[in-house]
Amino acid sequence: MRSKWKTLFRLVLAASVLFVAVVLVSCFQMSRANVAASGGWVPVSNALKTETLSGSLPLTSTKFCFAESSVGLGGRFMAYAVDGSQKDLHAFAKAEFAAHWDKPAWILTRNVESPFDADYIAFWEQSYGVELDWLRDAIGASGSVYVDAAEQGSHVPHIFIDETNGILYFVMTD
């Protein structure tokens, strides 16, 4: 009788250890960033238009780069940059807001410095495991900013158009 209890105890103990191991491995996997990125600028002919909210790119664009990340329950990150004429970039910024699932109203502020600074970019890189060297080009640039009219911090696009260099920068987190 005693050997049956010992066997049952060992089975329960083994099942518990196995369960704890599965939970720990699952938690580890969920905390790792799942990253997709272009690895720098690519020609528009090679660009994945599905990396934008609207599924399109400006007609005058020639190059594109992006980075996306998902970190388990930690959130999602989406960023990209595209070049083009000022007219096309402004139309594209409006199209991105229109394609957003929440259809947020937006506010345009002209002649302002880029909202993306070195500390914020470093925070995104560390939090989401992405490489954003191309976004550093926006630091200190002057142009136009499109933001959510309700001033939400996440789930909505933050778009900066560097009007000197003709580049649109898009960032959205949740």
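There are 4 salt bridges in this structure, which is a predicted model. We'll stop at some of them.

**First stop: Arg-76 and Asp-174**

Select Arg-76 and Asp-174 and show their side chains. They form a salt bridge, with the closest N and O atoms 2.7 Å apart. Now colour by secondary structure: Arg-76 belongs to strand E4 (residues 76–83), while Asp-174 is in the segment after strand E8 (167–173). So this pair ties together distant parts of the chain, 98 residues apart.

**Next stop: Arg-136 and Glu-125**

Go to Arg-136 and bring up Glu-125 with it. Their side chains meet in a salt bridge, 2.6 Å from N to O. Glu-125 is in helix H3 (118–128), and Arg-136 is in the loop between that helix and strand E6 (142–148). The two residues are 11 residues apart.

Is Glu-125 buried or exposed? Its relative accessible area is 16%, so Glu-125 counts as buried, because the cut-off for buried is under 20%. Arg-136, at 30% relative accessibility, is partly exposed.

Asp-133 is partly exposed, at a relative accessible area of 46%. Show Glu-125, Asp-133 and Arg-136 together: salt bridges with shared partners join them into one network.

How values were computed:
Residues are numbered from 1 along each chain as its sequence is written. This is a predicted model: local features need pLDDT of at least 70, side-chain atom pairs count only at pLDDT 80 or more; totals for chains, interfaces and linings use all residues. Side-chain values use heavy atoms; hydrogens and water are left out. Helices (H or I, at least four residues) and strands (E, at least two) are DSSP runs, numbered from the N terminus. Buried means under 20% relative accessible area, exposed over 50%, partly exposed in between (1.4 Å probe, protein chains only).
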